[in-house]
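Subject: Structure for you to look at

Hi,

Here is the structure I promised to pass on. Please open it and keep it beside this email while you read.

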Amino acid sequence: LLDASIFGWYISQQQEYSRSPNSNEVHRKAKSRPPKELKTPSLVLSWELFTKHVIREVAEEGNLKLLIPIGMEVEAALTRER
């Protein structure tokens, strides 16, 4: 599994918590994400600059059997022509 988009960056962010002043409960804060309108351009850019080169190298070495884009947005952004 290879996630080379900039959307993978938020997963590695350290989790932050806050304490509610009223109930004293601890709540997990949401991690920041890039704006949605940048998702398709960032997927295309990360594919063109990095991912397709990794995929090509692995395929040329004979170590790639299948490439499955996960998610409808990913499949729509990274068309078969790419």
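Predicted model: local features only at pLDDT ≥ 70, side-chain atom pairs only at ≥ 80, totals over all residues.

Below is what I found in it, starting with the whole chain and then going to single residues.

Residues are numbered from 1 along each chain as its sequence is written, and side-chain values use heavy atoms, with hydrogens and water left out.

**The whole chain**

The protein chain has two helices and two strands, in the order β-β-α-α from the N terminus. Helices (H or I, at least four residues) and strands (E, at least two) are DSSP runs, numbered from the N terminus. Of the 82 residues, 20% are buried. Buried means under 20% relative accessible area, exposed means over 50%, and partly exposed is in between (1.4 Å probe, protein chains only). The accessible surface comes to about 7000 Å², and carbon and sulfur atoms own 54% of that; such areas come from the Shrake-Rupley method with a 1.4 Å probe, and for residues only the protein chains shown count as cover.

**The core**

Now find Leu43, Val44, Trp47, Ile55, Val74, Ala77 and Leu78: these seven residues are the largest nonpolar core. That term means a set of buried Ala, Val, Leu, Ile, Met, Phe, Trp, Tyr and Cys residues joined through side-chain atoms within 4.5 Å. Helix 1 and helix 2 (72-77) each give at least two residues to this core, and helix 1 has the largest share with four.

The whole structure has one salt bridge, meaning a side-chain nitrogen of Lys or Arg within 4 Å of a carboxyl oxygen of Asp or Glu. The partners are Glu48 and Lys52, with their closest N and O atoms 2.7 Å apart. Both sit in helix 1, four residues apart, or about one turn of the helix. Glu48 counts as partly exposed because its relative accessible area is 24%.

Phe50 is also in helix 1 (residues 39-60). With 44% relative accessibility, Phe50 is partly exposed. Together with Leu45 and Leu49, Phe50 makes a nonpolar surface patch of about 330 Å² accessible area. Patches are made of residues with over 30% relative accessible area and no salt bridge; like charges are joined within 9 Å, nonpolar side chains (Val, Leu, Ile, Met, Phe, Trp, Tyr) within 5 Å.

Ser20 lies in the loop between strand 1 (17-19) and strand 2 (26-28). Its relative accessibility is 15%, so Ser20 counts as buried.

Cheers
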